[in-house]
Structure formats: structure tokens, C-alpha cells
Amino acid sequence: MARALLTMMVVLSATMVMTKTVISAKEQLSTKECEDLGFSGLALCSDCHTLAEYVKDEELVSDCLKCCTDDSEDSMSKITYSGAILEVCMRKLVFYPEIVAFIEEEKEKFPSVIVQYIFNSPPKLIMLDEDGQHKETIRIDNWKREHILQFIREKVKPPTSAS
């Protein structure tokens, strides 16, 4: 009897741990919370599963899953934004030649992208909805100019000209 009770308790506690892991993986953290944890907002959930194969830190993988974006074809490819703010610290620009090149040589092609210089801000794109509200923040510290161009072409709708 005691042995059966002990076995049942072990199974029950294992089930509770598994349930907690599944529930916590479905929670979503805010962009700010994810940035504080070191996740840029660009992580795809499939990347978190790959991370789990190499890093045996359940808490890190759980945090990744709370910050990732579903990478089904429908969810990622159809999301577009009305505009973007490229936010960066002017003093730190010297460390980001690809971003400088984008600002100096490519930015004028994208009238719905605004450059904002904010003290001590890491380079990021703040994606805006139709009402100009922040929808997503994406760190771009290590992006090449062509990656910035491709992302903006795919995700920022060109402005509609009023006739």
C-alpha cells in the first residue's frame, strides 16, 4: 500500500512538473522583459528548440520560448508594418558601420522609416502599426546593411501617396 502510494506521488509530481513546463512555455513576455533577458525579439520558436538540443538549461530554453515568434509560414510572412523607427545612440554609431551605411546611403529610400538618436540606446528597429503605435522592437546590433534593407522591404509597407 505504501509503495503504491509512493509510486502514485512520484507520477503525480512528474506530471505536475511537465504541465508547469508546457504552461510556462506558452506564456509570452513583453518586449522589454525579453530584451532584459537577452532575447532580441527575432528568435523563432524553432530556434529555441534547436537551442534546447545543445544547451541543457531548461530555464534558458523556457525563457526563449516565452520570447519567440511562431515561425509557421502564415504567421511571419504576412505581418507588415506601417512604419519603423531606427533608434540608435549617436555616440555608439562608430561601432556600427553597417547601420551608419544604411542611414547615410539607403534610408532616404524609405520615407516611413525615421531615425531617432537616443542616448545609450542599442541599435533597434521599432515597428509601428497604422496608428503609429509600437508593435515590436527588434535589436539589429549585428545586422549587415543588406539584412536591414531586406527586412524593411519585406515588413514596412510603402507609404500610400494621396492624389
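## Disulfide pairing

A disulfide is taken here as a pair of cysteine sulfur atoms within 2.5 Å. By that criterion the structure, which is a predicted model, holds three disulfides. When the bonded cysteines of the protein are numbered in sequence order, their pairing reads 1-5, 2-6, 3-4.

## The individual links

Cys34 is joined to Cys67, with 2.1 Å between the sulfur atoms. The angle about the S-S bond is -95°, which makes the link of Cys34 and Cys67 left-handed. Cys34 belongs to helix α2 (residues 31-37) and Cys67 to helix α4 (residues 58-67), so this pair ties together parts that are 33 residues apart in sequence. Cys34 and Cys67 are both buried.

Cys45 is bonded to Cys68, and their sulfur atoms are 1.9 Å apart. This link is right-handed, with 80° about the S-S bond. Cys45 lies in helix α3 (residues 45-54), whereas Cys68 lies in the loop between α4 and α5 (73-77); the pair therefore ties together parts that are 23 residues apart in sequence. Cys45 and Cys68 are both buried.

The remaining disulfide joins Cys48 and Cys64, whose sulfur atoms are 1.9 Å apart. The link of Cys48 and Cys64 is left-handed, with -80° about the S-S bond. This pair links distant parts of the chain, since Cys48 is in helix α3 and Cys64 in helix α4, 16 residues apart. Residues under 20% relative accessible area count as buried; Cys48 therefore qualifies with 0%, and Cys64 likewise with 4%.

## The largest nonpolar core

The largest nonpolar core comprises 21 residues, and those with the most contacts inside it are Leu86, Ile99, Phe102, Leu125, Met127, Ile140 and Ile152. At least two residues of this core come from each of β1 (83-88), α6 (97-105), β3 (124-128) and α7 (145-155). The greatest contribution to this core is that of α7, with four residues. In soluble globular proteins, nonpolar side chains tend to be buried together.

Another core, of nine residues, lies apart from the largest one. Among the residues of this other core are Cys34, Val61, Cys67 and Cys68. Two of these, Cys34 and Cys67, are the partners of one disulfide, while Cys68 is bonded to Cys45.

## Packing of helix α6

Within α6, the residues Ile99, Ala101, Phe102 and Ile103 are buried. The buried residues of this helix pack against β1, β2 (113-117) and α7.

Leaving aside residues up to four places away in sequence, Ile99 touches Leu86, Leu93, Pro123, Ile140 and Ile148. Ile99, Leu86 and Ile140 are also among the residues with the most contacts inside the largest core.

## Two further residues

Asn120 is located in the loop between β2 and β3. The phi angle of Asn120 is near 65°, a positive value in a residue other than glycine. Its relative accessibility is 46%, and Asn120 therefore counts as partly exposed.

Cys89, by contrast, has a relative accessibility of 2% and counts as buried.

Key. Residues are numbered from 1 along each chain as its sequence is written. This is a predicted model: local features need pLDDT of at least 70, side-chain atom pairs count only at pLDDT 80 or more; totals for chains, interfaces and linings use all residues. Side-chain values use heavy atoms; hydrogens and water are left out. A nonpolar core is a set of buried Ala, Val, Leu, Ile, Met, Phe, Trp, Tyr and Cys residues joined through side-chain atoms within 4.5 Å. Buried means under 20% relative accessible area, exposed over 50%, partly exposed in between (1.4 Å probe, protein chains only). Contact means heavy atoms within 4.5 Å.
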